[in-house]
2 protein chains.
Amino acid sequence: MTEPHRQRPLEGLRVIDLTRALAGPYATLLLAGLGAEVIKVEDPRGGDLARDNSPYVGRDGISVEKVHDDDLSVSHLTRARGKLGVSLNLKAPGATDVFLDLVRSADIVVENFTAGTADRLGIGYAAAKAANPRIIYCSLSGFGATAPEGGKAMDIIIQALSGAMYASGEADAPPVRIGIPIADMLAPVFSVIGILSALEQRHRTGVGQHIDVSMLGALTSFVAIENWSAMAAAGMQARTGLTVQRLSPFGVFECRDGFIALVAVHEKLAQGLFRAMKRPDFADDPRFATRDARVANAALLEANITAWSCGLSVVDAVAALEAEGVPVAPVRHPDEALLDRRVIERREAVPVAHPSYEADIDLRTAGVPIVFSDADTGFDDVLPIRIGEHNDRVLVDTLGYSPDRIDDLRARGVI
Amino acid sequence: MTEPHRQRPLEGLRVIDLTRALAGPYATLLLAGLGAEVIKVEDPRGGDLARDNSPYVGRDGISVEKVHDDDLSVSHLTRARGKLGVSLNLKAPGATDVFLDLVRSADIVVENFTAGTADRLGIGYAAAKAANPRIIYCSLSGFGATAPEGGKAMDIIIQALSGAMYASGEADAPPVRIGIPIADMLAPVFSVIGILSALEQRHRTGVGQHIDVSMLGALTSFVAIENWSAMAAAGMQARTGLTVQRLSPFGVFECRDGFIALVAVHEKLAQGLFRAMKRPDFADDPRFATRDARVANAALLEANITAWSCGLSVVDAVAALEAEGVPVAPVRHPDEALLDRRVIERREAVPVAHPSYEADIDLRTAGVPIVFSDADTGFDDVLPIRIGEHNDRVLVDTLGYSPDRIDDLRARGVI
């Protein structure tokens, strides 16, 4: 856990977190890292699905199966960081009262049930607003809160529908599944923008509102920033694989022991590349001497670059291009990327460990990738190891419930 | 242009926008769509690089080359929507005074110069803060404002360094360039979160601060949410191409005329898939009857699914699986994705056109993928067609400059 020393930007705000799996919990993770108090509500009969994600970490290190009671899913460990955990069976009689008491104490609610479910349970925006008109209530779903057809919206389904999968890969080859859960991750980022924008509006109006973010919409809006229809109308190829020939030389090239990405679109950069290739004569070769010529002869130019780079290690190819000022980078494995000194210093990727056991491997996960000059980011040293880990802290200290009332809720299976 | 009728969440806030290309302008585009007034500052000697991006749109429709004076790059048309444009040569004597007057009138500054450049020009955070202690100043760069080595941080360079490229693609095949500019797009989204968080903090403290977001850090934090080192320690394959065998059946499968994505991890879904395949007997087949068995025999199961799906059109395969309640989607072309009825209704992708000419094709671009119950999103009907398009409006109306002063600035090449 990181330990913030200065104030965090969202201190003093409280979030009631009804989310499960990845998309919703990542939204509330960002809010927690920015300083909000997040109270994660889990069903006492099983809790967040992410608790059952393999692999696990515990007293024996990393394992595929859950062996000991206190083994923790790495997914849960990373996504529930800095959150208080309370248990609440939202279908039990009386649970809604507890939920609405939480809402009265809070600024923000986030849920990612299938569209319509929260309303059916009596914990939707209408109920929350009636209890607390200042509440900002964010619903995160596959296709939007008003979508007629619900449908299960897993990351891969949204990748397929959005065009993101089609846009990646070689022109004549199958589409590519993007190897990071981009659809699951983008919708929560926009949810946080929606929540913070509504907070700003609340400073003017005094009242909250409902925020509704769709996984399909968030990822499709990213896809839409490329000018697909205009490029097609102009006869420009949109899906071009590892290189982009209309910007040639631009793309990913093979080396002896890996791959590099390079960009040498403009004149000065192209000449630098030619010098690195020990072919300065290309700068005067009519086939490569101008940007238009390089684009027209892109296939031949790319073949020449590959013939050169294939004979070099990644390290040597990068060094040769850097020496000539050509933008270049090795295609790195995530493990290496997460150990980048710059990323570690800025806490954009951060270490994480089981609260009770030293991990025998270096577990790293997402930080908050924003550096503030006059605030910290980072996570409180709390984690709901068990479901309902912080029931007493929240129900007594925050809501002022009596021990008798809590016993009664427990006896009736509400918490 | 969309026309907001209700208030937008960020109304009353003013943004001074020094950004160029994609990453920075997308940040200020989101702020404009959320209701902030964005004043885009461009060098009178050339303006935003995106003005020279092919293709163009104008009186003759779409073209690869700029033909007429008022042909507009589609990139500029989409990214400068809703922004006022002023010209300012930041290197000219006296330009800093104009910039600081803008800062005094504003809440937010956003810049994406190479790290260190803004300070050298006398328009960095220190200068802005001295002029207006309430200013929130966001720097967006490749590796962070404090990175010792600057380096050009194009999208493809950051994709390579972050691990995102390596994580995509088949285990034994080359890495994959993700076909949407994910690194360029993610950093601005986190910049907006940083800006809005600082606004919230400013409501408590009365003062602004510096926000510093790195393209490498933003994308690496996304990569870091997957448990790479834990999966490796548990012997689980991380980079698995179109399917994920540890969740089998899960992935992208070929049909006669395209591809579908499907997820049938759990018992009920697997049985639905088997019925759709007209192989209900698989549910009792010891090779496929349990989740563990399906994972152990994933290659065989995937071969069976492919043999079935290859005989069907995408439409028929999707229909067959939907009828059995199995999550499934066609892998859609971006053009089709941008015409999704749900996405259009929610304005997550929106039409755009040259202000003066009817486009002969349907140009669509990114909207703001957030739906507010008590606010609108959308863009004011302004666009800096020429550099300095709104000089008079801003310099006279906002800053109160006299016509003489403006003439003098123009004569000296400051604006």
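I began with Phe274(A), which counts as buried at 1% relative accessibility, where buried means under 20% relative accessible area, exposed over 50% and partly exposed in between, for a 1.4 Å probe and protein chains only. The model I am reading is predicted, so local features need pLDDT of at least 70 and side-chain atom pairs count only at pLDDT 80 or more, while totals for chains, interfaces and linings use all residues. Residues are numbered from 1 along each chain as its sequence is written, chains are lettered from A and ligands numbered from 1 in the order in which they are written, and side-chain values use heavy atoms, with hydrogens and water left out.

**Aromatic rings**

I noted that a pair of aromatic rings is described by the distance of the centres and the angle of the planes. Rings of Phe, Tyr and Trp (its six-membered ring) pair if their centres lie within 6.5 Å, and planes under 30 degrees apart count as stacked, over 60 as edge-to-face and the rest as tilted. By this rule I find 12 aromatic pairs over all chains. Elsewhere I found Tyr26(A), Phe190(B) and Phe222(B) linked by ring pairs into a cluster.

I then looked for charges over rings, which requires NZ of Lys or CZ of Arg within 6 Å of the ring centre and within 35 degrees of the ring normal. Arg81(A) lies over the face of Phe379(A), at 4.5 Å from the ring centre, and Arg405(B) lies over the face of Tyr401(B), at 3.9 Å from the ring centre.

**Arg332(A) and the two chains**

I located Arg332(A) in the loop between strand E12 (328-330) and helix H15 (334-337) of chain A, and at 9% relative accessibility Arg332(A) counts as buried. Its side chain makes a polar contact of 2.8 Å with the side chain of Asp340(A), a polar contact being a pair of N or O atoms within 3.5 Å; within protein, one must be able to donate a hydrogen and the other to accept it, and residues adjacent in sequence count only if both atoms are side-chain atoms. Leaving aside residues up to four places away in sequence, Arg332(A) touches Ala337(A) and Asp340(A), together with Ala160(B), Leu161(B), Gly163(B), Tyr166(B) and Leu216(B), where contact means heavy atoms within 4.5 Å.

I superposed chain B on chain A with a rotation of 180° and 0.0 Å of shift along its axis, at an RMSD of 0.0 Å. That is the relation of a two-fold axis. Such copies are superposed by least squares on the C-alpha atoms of residues with pLDDT of at least 70 in both. Because 100% of the interface residues of chain B are also interface residues in chain A, the copies meet through the same surface.

**Sheets**

Two strands pair if DSSP finds at least two bridges between them. I followed an open sheet of seven strands in the order E15(A)-E9(B)-E8(B)-E7(B)-E1(B)-E2(B)-E6(B), with mixed pairing. Its edge strands are E15 (371-372) of chain A and E6 (83-87) of chain B, each pairing on one side only. Strand E2 (residues 37-42) of chain B pairs with E6(B) in the parallel sense over five bridges, and Glu42(B) stands opposite Ser87(B) in E6(B).

**Backbone entries**

I recorded a cis peptide bond, with omega about 0°, between Ser248(A) and Pro249(A), and Pro249(A) is found in the loop between helix H10 (228-233) and strand E10 (250-255) of chain A. In chain B a cis peptide bond joins Ser248(B) and Pro249(B), again with omega about 0°. Ala21(A), although not a glycine, has a positive phi of about 70°, and Ala21(A) is partly exposed, with a relative accessible area of 30%.

Definitions and conventions
Helix = DSSP H or I, 4+ residues; strand = E, 2+ residues; numbered from the N terminus.
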